[in-house]
There are 2 protein chains.
Amino acid sequence: MSTATAQTDPAPWEERKARAASWFQELQETICAAFESLEDDLAGTKFADETPGRFEFQPWDREEGSDPHASGSALQGGGRMAIMRGRVFEKVGVNFSQVYGTFSPDFRKAIPGAEEDGSFWASGISLVAHMQSPVVPAVHMNTRMIVTSKSWFGGGADLTPMVEDKQDTEVFHAAFKDCCDEFDPDYYPRFKKWCDEYFYLPHRGEPRGIGGIFYDYLDEKGWEDDFAFTQAVGKTFNDIYPQIVRRHMDKDWTDSEREHQLVRRGRYVEFNLLYDRGTQFGLKSGGNTEAILMSMPPEAKWP
Amino acid sequence: MSTATAQTDPAPWEERKARAASWFQELQETICAAFESLEDDLAGTKFADETPGRFEFQPWDREEGSDPHASGSALQGGGRMAIMRGRVFEKVGVNFSQVYGTFSPDFRKAIPGAEEDGSFWASGISLVAHMQSPVVPAVHMNTRMIVTSKSWFGGGADLTPMVEDKQDTEVFHAAFKDCCDEFDPDYYPRFKKWCDEYFYLPHRGEPRGIGGIFYDYLDEKGWEDDFAFTQAVGKTFNDIYPQIVRRHMDKDWTDSEREHQLVRRGRYVEFNLLYDRGTQFGLKSGGNTEAILMSMPPEAKWP
């Protein structure tokens with residue numbers, strides 16, 4: 001990896017970590033503001049008489065050795081959860097985190113560059129939105145920077161409509177294709193395929209939603225360009241998803257559409273707990289349980 | 001293991017498999033009948049005017065090689081799901097299965113006696129009950145016989161009250177203590193401890209419920225005695241759980257007790273998908289997804 005100098009020349013890495021963490025934090029603010037606007041602008045639906053939702057921010061931090069289930073990982077740092085229960089967003093969590101420490105021996109083997117001393121730093125933003133209306137798609141977005149003796153970016157965004165809408169699928173993919181194409185014509189096909197493979201439930205033989213992009217271990221064009229791409233993914237998300245929400249949020253829905261949504265959310269739960277690496281990694285490395293499981297839907301059914 | 005003769009002297013093993021499978025099937029009938037009686041006898045609660053629930057039986061079978069996600073495991077056999085959505089039982093699944101085949105190389109390492117050729121036979125009954133009333137505890141029971149080049153029994157039962165009731169905890173544990181003590185004074189302390197360790201959510205720092213017993217790889221006193229113990233566990237369950245249900249089923253409950261129940265069910269989902277070996281084993285070995293995930297609650301919340 002071209003940037004695998006994290007341990008040998010620490011000064012620029014400290015600056016890079018600070019810039020990345022500060023971007024993820026800023027993106028959290030921007031997205032929360034955009035989502036609150038959607039709450040303000042709701043006109044139709046049975047929730048229109050309710051007060052627009054507002055984010056609650058909960059800072060959290062983790063002291064070394066404070067975690068009984070971290071199986072030997074020593075984790076420090078913290079973050080800020082933002083959670084909103086509103087009239088458009090039934091439950092949306094936007095979590096910023098910046099953590100560092102030492103992986104347990106078990107984990108070291110699985111993480112590039114952590115084999116030697118297990119030390120790591122990670123910062124990122126992760127977001128899952130579960131909507132009141134079954135005709136508004138749920139969404140997930142996550143971007144992160146990781147530093148071990150190597151360094152890389154990862155992330156992506158994927159859309160989970162309860163009933164597929166061709167136009168939503170097209171505009172969501174088109175937005176991320178444009179975003180990728182600015183950096184490398186290979187990115188979109190590679191990252192779309194990765195997303196389709198990742199967000200798949202083998203035990204159901206079903207994809208989680210209509211996909212999007214997913215990338216990891218990105219250390220290809222130098223740190224500046226890779227960081228710029230990761231920022232572009234966040235901006236693209238914040239541009240396209242609110243557009244999709246606006247197109248549907250004032251529509252009514254039926255009880256049977258709501259039931260269908262709750263069943264589809266069950267699949268979301270199955271994916272997150274059975275397969276999602278972020279969830280597994282977070283829970284097993286002693287991460288903040290509330291922050292990690294913020295992604296769970298407010299209500300789900302297995303009738 | 002004293003009975004590790006499964007491959008060398010097949011004749012008695014064929015008879016043993018048949019006897020065990022036939023017992024598990026019979027136990028399914030007995031329990032379903034007992035649960036339908038509970039449905040008939042409901043007198044109080046807001047559901048008392050509804051028709052008593054009845055089990056629907058769905059036989060299923062699995063053809064060799066029909067499963068795209070079995071990662072090389074070849075699984076044959078089948079079973080019968082019994083599922084009831086009633087006025088006492090919001091959703092209860094009682095599944096009988098008898099499957100055999102060859103484990104994929106990945107699995108062989110993890111299963112005693114499967115290292116050589118990966119062949120196995122397994123039969124069992126598994127049951128999860130999610131109740132309408134938050135003051136009636138949920139319950140899980142499972143017993144099984146496995147044959148590779150070795151052979152053993154496993155199983156247990158554990159109770160998950162939404163609000164702990166001291167008397168329920170006592171009678172449930174006392175019943176299984178009596179059951180165990182008939183066979184070995186060490187069984188109850190050993191199997192109770194195993195249950196407490198197994199049904200624990202490390203990421204929450206919480207037990208799943210109030211425990212019960214859990215045992216596995218039981219091959220201690222000869223096949224006949226081990227089988228008799230496994231039968232006794234099933235009978236004990238079928239005796240004690242309906243008593244606990246009757247003690248509470250006619251009581252009213254509040255909306256906030258119902259909310260609490262739905263949140264506690266979220267923990268049940270977390271345990272089953274993150275940690276339960278039966279679920280993981282079933283889904284990853286290409287088992288019947290509907291039968292395995294029958295254990296999921298009809299409704300759950302992560303508010």
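Visitor: Is A:R265 buried or exposed in this model?

Guide: The model is a predicted one. Burial is read from relative accessible area, and buried means under 20%. A:R265 has 1% relative accessibility, so A:R265 counts as buried.

Visitor: Which residue forms a salt bridge with A:R265?

Guide: A salt bridge is read from the distance between a nitrogen and a carboxyl oxygen, with a cut-off of 4 Å. A:R265 has A:E90 as a partner, and the closest N and O atoms of the two are 2.9 Å apart. A:E90 lies in strand β3 of chain A and A:R265 in helix α6 of chain A, so the pair ties together parts that are 175 residues apart in sequence. A:E90 is buried as well, with a relative accessible area of 12%.

Visitor: Which residues are linked with A:E90 and A:R265 in a network of salt bridges?

Guide: The network also takes in A:R258 and A:E299. Over all chains, the structure holds 50 salt bridges.

Visitor: Where do A:D158 and A:R208 lie?

Guide: These two residues form a salt bridge, with their closest N and O atoms 3.1 Å apart. A:D158 is in strand β6 of chain A, while A:R208 is in the loop between β8 and β9 of that chain, and the two are 50 residues apart. A:D158 is buried at a relative accessible area of 1%, and A:R208 counts as buried at 6%.

Visitor: How is B:E29 classed by its accessibility?

Guide: B:E29 has 41% relative accessibility and counts as partly exposed. The side chain of B:E29 meets that of B:R80 in a salt bridge of 2.7 Å, N to O. This pair links distant parts of the chain, with B:R80 in strand β2 of chain B and B:E29 in helix α1 of chain B, 51 residues apart.

Visitor: Which strands are joined to β4(B) by bridges?

Guide: Strand β3 of chain B runs antiparallel to β4(B), and 13 bridges join the two. In that pairing, B:V92 stands opposite B:A129. Strand β5 of chain B is also antiparallel to β4(B), with 9 bridges between them. There B:A122 stands opposite B:I146. A hairpin of 6 residues joins β4(B) to β5(B).

Visitor: How many residues does each chain give to the contact between chain B and chain A?

Guide: An interface can be read from its residues, its buried area and its polar pairs. Here chain B gives 23 residues and chain A gives 23 residues. The area buried between the chains is about 2,100 Å², with carbon and sulfur atoms giving 63% of that area. The count of residue pairs in polar contact is 11. The elements of chain B that give two or more residues to this side are α6, α7, α8 and β10. The most comes from α6(B), with 4 residues. By type, the residues on this side of chain B divide into 12 nonpolar, 4 polar and 7 charged.

Visitor: How many salt bridges cross the interface?

Guide: The rule finds 2 across the interface of chain B and chain A. The side chains of A:E290 and B:R204 meet in a salt bridge at 3.2 Å, N to O.

Visitor: In which sense do β10 of chain A and β10(B) pair?

Guide: The two strands pair in the antiparallel sense over 3 bridges. A:K301 has B:E299 as its bridge partner in β10(B).

Note on methods:
Residues are numbered from 1 along each chain as its sequence is written. Chains are lettered from A and ligands numbered from 1 in the order in which they are written. This is a predicted model: local features need pLDDT of at least 70, side-chain atom pairs count only at pLDDT 80 or more; totals for chains, interfaces and linings use all residues. Side-chain values use heavy atoms; hydrogens and water are left out. Two strands pair if DSSP finds at least two bridges between them. Contact means heavy atoms within 4.5 Å. Buried area is the accessible area (1.4 Å probe) that two parts lose on being put together, summed over both. A polar contact is a pair of N or O atoms within 3.5 Å; within protein, one must be able to donate a hydrogen and the other to accept it, and residues adjacent in sequence count only if both atoms are side-chain atoms. Ala, Val, Leu, Ile, Met, Phe, Trp, Tyr, Cys and Pro count as nonpolar, Asp, Glu, Lys and Arg as charged, and the others, Gly among them, as polar. Buried means under 20% relative accessible area, exposed over 50%, partly exposed in between (1.4 Å probe, protein chains only).
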